[in-house]
Amino acid sequence: MLISVEVNGEVVTWDVDPRETLVDAIRERARLTGTHVGCRSASCGACTLSLDGLTVKSCCLLAAEADGRTVRTVEDGRTPPEVDDIQEAFIAAQGMQCGYCTPGMVMSVRHLLAQNPDPSDDEIRRGLAGNLCRCTGYVNILKAVRAVRDARLGR
Ligand code: FES
Ligand code: FES
């Protein structure tokens with residue numbers, strides 16, 4: 001079926017299999033491989049992206065469900081290796097080890113700080129509750145989010 005999706009500001013038309021997942025379309029059709037695939041069961045958050053301004057787990061959505069809608073991925077607005085302040089903070093705080101979870105984490109942090117520019121530690125933890133990390137123990141991820149929050153607020 002033909003679908004039309006705005007991906008990072010560009011409208012694309014794809015002829016998708018009705019069973020095709022959104023994460024597969026983003027990775028394989030748009031070649032935006034910053035969105036990762038982990039569990040394929042809505043558990044890990046590696047595939048997190050923004051759909052019409054809400055974070056979603058794109059492994060559990062069909063590409064067809066994005067028809068006429070707006071998708072933002074971790075690459076939005078920049079060409080790798082360009083990074084935003086959240087990604088810089090993850091690097092500076094060593095908020096990743098293998099990095100597999102990081103793009104999904106970054107998408108959740110973008111959403112969190114857009115909704116709540118001054119989150120408490122508990123609010124940060126809740127904002128990242130859908131994103132699992134097998135490596136870091138989360139301590140440095142929390143440090144990274146605090147650093148971005150404080151820098152944006154001029155603290
Ligand atoms: S790959 Fe989508 S939640 Fe794990
Ligand atoms: S840094 Fe390896 S899973 Fe998070």
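**Labels and their cut-offs**

Colleague: Why does Q87 count as buried?

Modeller: Q87 has a relative accessibility of 15%, and buried means under 20% relative accessible area, with exposed over 50% and partly exposed in between (1.4 Å probe, protein chains only). Q87 is therefore buried. Please keep in mind that this is a predicted model, in which local features need pLDDT of at least 70, side-chain atom pairs count only at pLDDT 80 or more, and totals for chains, interfaces and linings use all residues. Residues are numbered from 1 along each chain as its sequence is written, chains are lettered from A and ligands numbered from 1 in the order in which they are written, and side-chain values use heavy atoms, without hydrogens and water.

Colleague: Where is Q87 found, and which residues is Q87 in contact with?

Modeller: Q87 belongs to helix α2 (helices are DSSP runs of H or I with at least four residues, strands are runs of E with at least two, and both are numbered from the N terminus). Beyond its neighbours within four places in sequence, Q87 is in contact with V74, R78, E82, V106 and R110, where contact means heavy atoms within 4.5 Å.

Colleague: Is G9 buried or exposed?

Modeller: G9 has a relative accessible area of 53%, so G9 is exposed. G9 sits in the loop between β1 (2–7) and β2 (10–15).

Colleague: Thanks! How do you know that α3 is mostly covered?

Modeller: Eleven of the 14 residues of α3 are buried. Among them are T102, M105, V109 and L113. The cover includes β3 (48–51), β4 (54–57), β5 (70–72), α2, α4 (121–127) and α5 (139–152). Leaving aside neighbours within four places in sequence, V109 is in contact with I86, F90, L128 and V145. V109 and I86 are 23 residues apart along the chain, yet their C-alpha atoms are separated by 7.5 Å.

Colleague: What is the span of α3 set against?

Modeller: From first C-alpha to last, α3 reaches 20 Å, close to the 20 Å expected at 1.5 Å a residue; the expected span is 1.5 Å times one less than the number of residues.

Colleague: What makes a space a pocket?

Modeller: On a 1 Å grid over the protein atoms alone, a pocket is an open set of points with protein on both sides within 12 Å along at least five of seven lines, whereas in a cavity a 1.4 Å probe fits but cannot get out; lining residues have an atom within 4 Å of a point. The largest pocket has a volume of about 240 Å³, the space filled by probe spheres set on points joined across faces, edges and corners. Of its 14 lining residues, V74, E82, V83, Q87 and P103 are closest to the centre. Two or more lining residues each come from α2 (85–92) and α3 (102–115), and α3 gives the largest share, three residues.

Colleague: Why is the second largest pocket said to lie between domain 1 and domain 2?

Modeller: Domain 1 (2–72) and domain 2 (85–152) both give residues to its lining, so the second largest pocket lies between them; the bounds come from an automatic or database domain assignment. The lining includes C44, C98 and C135, and the pocket holds about 180 Å³ of space. The domain centres, taken over C-alpha atoms, are 22 Å apart, and the contact takes 16 residues from domain 1 and ten residues from domain 2.
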